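I went through it piece by piece and wrote down what I looked up.

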Protein chains: 2
Amino acid sequence: MMAPVEINNILEDVRVALERDDVDLAKLLLDNLTPAKAETTLAEAIGDLDLAEQTELLPQLDWAEAADVLEYLDEDEAAEIARQLPVETLSEVLNEMEPDEAADILLDLDLEQANAVLDTMDVERADLVRPLMKHDDDTAGGRMTTKMPILRRWMSVNQAIAYLRHRSIDDDDHYYLYVVDRDQQLIGVIGLRELIIASPNVTIGTIMNREVIQVSVDVDQRECAQLISRYELFSLPVVDKVGKLVGVITHDDLVEVIEDEATEDLYGLANVSTDSDLDVFSPTSVMIRKRLPWLFLNLCTAFFASFVISRFEATIAEVAVLAVFQSIVAGLGGNSGTQTLAIIIRGIALGQLELRQSRPTVLREIGLAIVHGICIGICVGLIAWLWKGIPMLGVVITLAVIGNFIIAATAGTLVPLTLRKLGMDPALASSIFLTATTDSLGFAFFLGLATYFLPYLK
Amino acid sequence: MMAPVEINNILEDVRVALERDDVDLAKLLLDNLTPAKAETTLAEAIGDLDLAEQTELLPQLDWAEAADVLEYLDEDEAAEIARQLPVETLSEVLNEMEPDEAADILLDLDLEQANAVLDTMDVERADLVRPLMKHDDDTAGGRMTTKMPILRRWMSVNQAIAYLRHRSIDDDDHYYLYVVDRDQQLIGVIGLRELIIASPNVTIGTIMNREVIQVSVDVDQRECAQLISRYELFSLPVVDKVGKLVGVITHDDLVEVIEDEATEDLYGLANVSTDSDLDVFSPTSVMIRKRLPWLFLNLCTAFFASFVISRFEATIAEVAVLAVFQSIVAGLGGNSGTQTLAIIIRGIALGQLELRQSRPTVLREIGLAIVHGICIGICVGLIAWLWKGIPMLGVVITLAVIGNFIIAATAGTLVPLTLRKLGMDPALASSIFLTATTDSLGFAFFLGLATYFLPYLK
């Protein structure tokens with residue numbers, strides 16, 4: 001990898017210059033790079049500074065540079081800086097940004113500040129941004145850009161190319177060009193390659209593809225991600241209730257959508273709020289807000305499991321060795337269930353579980369749980385027997401492990417599938433519900449069986 | 001979402017027809033769709049059948065259709081079908097496939113069968129496929145296609161367009177066109193849009209972008225995914241040791257690379273083999289092979305934790321109530337550490353932790369652990385005290401929770417960062433090492449403190 005290494009070196013120099021408040025040197029260093037890279041590098045360097053430095057530095061850049069920096073930064077970070085900027089500065093910067101990114105930043109401000117900024121912005125730009133602010137961040141409407149080339153079916157290939165030539169050069173890259181009729185209804189799509197190789201005088205209507213994969217504005221980004229990967233799309237057009245083309249999710253947003261969904265699934269499994277904006281750069285206050293409540297929830301389920309154990313305190317007082325093994329049954333069950341959960345959540349994310357009915361999957365996971373449970377259970381049982389010299393301890397622990405594995409597989413499949421049926425995020429809370437189940441029932445199986453066979457354990 | 005719903009209906013009909021072995025009806029239904037969709041729909045329908053039916057059906061399709069189906073299916077599934085097909089049939093089908101996908105399938109066959117197929121294939125196609133089989137599946141070389149348009153700097157825009165027009169229409173979509181010199185050295189890149197809007201007689205050399213983000217054949221796909229999302233690339237060129245352009249990771253593979261990396265991280269966190277080919281469609285034998293060993297590993301760490309508990313059996317025999325609370329300390333620590341792990345793994349995956357040094361991140365996670373530990377620890381302590389009426393039990397449990405949270409944060413950051421420094425997959429085994437630590441030390445802290453303060457607990 002040659003280019004990135006070189007970039008990282010220059011980035012280091014830029015960083016040092018910025019730390020010395022030497023904006024001119026930093027810009028000089030960046031001028032040696034091509035524009036596309038200079039933007040990214042500048043943004044990376046500025047992203048590393050603290051908030052006060054960032055707020056001081058941003059107004060010294062020209063508006064377009066500042067816009068690139070804000071687009072590059074995380075939503076949380078960008079919003080924090082935006083809040084500190086004077087209305088006039090912020091309006092100028094937002095004028096230069098992609099409308100969808102500008103809308104995201106405005107949505108993170110107070111209503112009052114947002115309105116003041118919108119009133120100060122270019123009227124034309126503000127009109128592009130305002131409709132985007134109506135849509136939820138996680139929907140197709142919230143992700144789309146409204147600034148895209150639009151073709152008409154009567155255009156000749158030559159006219160279409162002339163039209164593209166007249167559009168501003170700093171637009172997003174559009175590989176697919178969408179075709180609308182006089183009522184703005186989406187009626188076709190054509191790739192740049194098809195356009196480039198077509199004869200110049202053919203009309204768009206005769207070469208366009210009439211089957212367009214499209215989404216409505218209120219569709220969740222999770223579904224968008226599934227369509228994108230299922231049909232290997234370069235971009236995804238967004239239509240309103242009556243089929244009018246209102247925007248496009250472009251390639252850069254599309255990669256983000258896929259990554260955000262993956263982040264949310266990973267966070268869901270780890271009991272962190274399924275919020276893809278959360279990352280190593282997030283402010284500490286945000287970190288606490290997104291993580292502490294889940295620890296409290298975990299506390300509740302842990303106490304519930306403890307309550308189950310406490311029902312068997314008398315048994316444990318008689319055979320203290322049970323306390324040594326109780327966690328093994330609960331822990332192994334949780335682990336086995338988490339495996340199931342990961343496979344199911346990924347299957348939902350990639351749209352695989354939409355293709356086939358879920359019943360065979362549930363049944364197979366239960367079958368696997370029985371196989372795994374027998375292998376692991378017998379192994380645990382043998383070790384327990386040999387270690388403590390109590391054969392019945394081995395039997396009890398083997399049965400408890402098998403039972404808990406079956407419960408784990410059932411919960412690991414049914415919880416995410418049910419959440420999805422209810423239209424909720426399948427990763428959210430699946431994991432905590434699963435461990436609550438495997439812990440409580442794991443302890444109940446093991447200690448319950450132990451109580452039943454108590455005479456043989458002493 | 002209009003189009004996909006319609007597709008699902010047709011898909012259902014196709015499925016029913018295939019179940020009745022009525023291939024002709026199935027094909028008739030599919031003919032009503034445009035080619036691109038028919039391929040996907042046919043593949044989806046066939047993907048739902050069992051192996052015997054798939055193997056029977058595939059030779060009845062024409063070669064190009066069969067190739068599309070194999071490309072659509074999972075690698076494991078495709079390989080299983082391929083193994084059952086006669087050498088001649090398979091060669092014809094592979095002739096129609098993308099060379100990178102054909103190479104993947106051949107790599108999954110016996111060496112003997114693979115060589116027989118390669119010898120029967122079109123000489124020209126086999127020559128495209130052979131070099132791809134040298135590269136590991138998870139590297140840039142394993143992911144790239146070698147069939148891409150290549151421009152020269154002396155070409156005029158008109159010549160470049162004429163060249164594109166003469167290339168086969170069923171190629172992959174290429175948005176970026178790469179430029180090489182007479183030694184095949186990669187020297188520039190130009191987007192289709194730039195080409196389309198340039199004046200026809202300008203030469204490529206004057207309008208191409210000379211800074212090309214590129215990777216070498218042996219670069220891990222994880223790094224490719226980071227570059228793709230950091231620079232929002234449509235495709236990524238692959239060069240050999242001396243800078244010769246040997247292939248391109250195209251858009252469809254690129255989305256797959258990002259998704260595969262996300263899958264591997266999720267599986268890593270859930271203690272499943274970090275193998276993105278594993279999914280709800282995988283054969284049961286593969287499922288067991290990828291999951292059971294991790295359960296055995298978990299068994300070892302669980303026994304290690306039990307061994308820690310067993311050191312304190314005498315204490316538990318005196319105060320059985322300790323058995324009720326020991327799992328809370330271990331469980332909460334594990335949960336808190338998993339949160340840290342998820343944030344760090346995601347930060348590594350998105351390349352964020354490359355941009356900033358990891359020390360501040362580690363320190364902040366430890367700081368967060370102290371804050372979270374105090375909040376949760378005091379809460380647990382109060383409940384324990386009020387529930388059992390033993391004040392010292394509250395103190396012991398609070399201290400143990402805070403201590404275990406700090407350990408969890410340290411392990412949750414250092415383990416994945418260290419694995420990455422060693423060039424290993426940071427998600428792999430991080431999770432099991434983390435819970436081994438939080439379980440063992442959680443029990444040790446809690447039961448150790450309890451033993452020390454034993455007189456106050458009775």
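Predicted model: local features only at pLDDT ≥ 70, side-chain atom pairs only at ≥ 80, totals over all residues.

**Entry: helix α15 of chain B**

I started with α15(B), where Gln221(B), Arg222(B), Cys224(B), Ala225(B), Gln226(B), Leu227(B), Ile228(B) and Ser229(B) are buried. Buried here means 20 or more other C-beta atoms within 10 Å of the residue's own; 12 or fewer is exposed, in between is partly exposed, and the C-beta atoms are placed from the backbone. With 8 of the 10 residues of this helix (221-230) buried, I put it down as largely enclosed by the rest of the structure. Just after α15(B), I found Glu232(B) with a positive phi of about 50 degrees. Helices are DSSP runs of H or I, at least four residues long, strands are runs of E of at least two, and both are numbered from the N terminus.

Residues are numbered from 1 along each chain as its sequence is written, and chains are lettered from A and ligands numbered from 1 in the order in which they are written.

**Entry: helix α8 of chain B**

I checked α8 (residues 99-107) of chain B next, and it is mostly covered, with 8 of its 9 residues buried. Those are Pro99(B), Asp100(B), Glu101(B), Ala102(B), Ala103(B), Asp104(B), Ile105(B) and Leu106(B). What covers them? I noted α5 (63-72), α6 (75-84), α7 (87-95), α9 (111-120), α10 (123-129) and α11 (140-143) of chain B among the covering elements. Contact means that two C-beta atoms, placed from the backbone, lie within 7 Å.

**Entry: a positive phi in both chains**

I had a general point in mind: most residues other than glycine have a negative phi. Asn271(A) has a positive phi of about 55 degrees although it is not a glycine. I located Asn271(A) in the loop between α16 and α17 (284-310) of chain A. Is Asn271(A) buried or exposed? It is buried, with 24 other C-beta atoms within 10 Å.

In chain B, phi of Asn271(B) is near 55 degrees, again positive. Asn271(B) sits in the loop between α16 (251-269) and α17 (284-310) of chain B, and it counts as buried with 24 C-beta neighbours inside 10 Å.

I looked up Leu57(B), which is in helix α4 (residues 51-57) of chain B. Leu57(B) counts as buried with 20 C-beta neighbours inside 10 Å. I also looked up Gly205(B), in helix α14 (residues 204-207) of chain B, and it counts as partly exposed with 17 such neighbours. Leaving aside neighbours within four places in sequence, Gly205(B) is in contact with Arg153(B) and Trp154(B).

**Entry: α19 against α23 in chain A**

Here I wanted the packing of α19 (residues 322-349) and α23 (residues 430-452) of chain A: the angle is about 145 degrees and the axes are 8 Å apart. Axes are lines fitted to C-alpha atoms, for helices over the stretch in contact, with angles from 0 to 180 degrees between N-to-C directions. On the α19(A) side, the contact includes Phe325(A), Gly333(A), Gly334(A) and Gly337(A), and on the α23(A) side it includes Gly442(A), Phe443(A), Phe445(A) and Phe446(A). By class I have 12 nonpolar, 10 polar and 1 charged residues in this contact. For the classes, Ala, Val, Leu, Ile, Met, Phe, Trp, Tyr, Cys and Pro count as nonpolar, Asp, Glu, Lys and Arg as charged, and the others, Gly among them, as polar.

**Entry: domains of chain A**

The domain assignment gives domain 1 (3-138), domain 2 (150-268) and domain 3 (284-457) of chain A; such bounds come from an automatic or database assignment. I noted 46 Å between the C-alpha centres of domains 2 and 3 of chain A. Their contact takes 7 residues from domain 2 and 9 residues from domain 3. α16(A) brings the largest share of the domain 2 side, 4 residues. That side has no nonpolar, 3 polar and 4 charged residues.

**Entry: chain B against chain A**

The contact takes 106 residues from each of chain B and chain A. On the chain B side, the largest share, 19 residues, comes from helix α19 (residues 321-349) of chain B. I have 63 nonpolar, 25 polar and 18 charged residues for that side.

How are the copies related? A rotation of 180 degrees with 0.0 Å of shift along its axis superposes chain B on chain A, RMSD 0.1 Å, so they are related as by a two-fold rotation axis. The superposition is by least squares on C-alpha atoms of residues with pLDDT of at least 70 in both.
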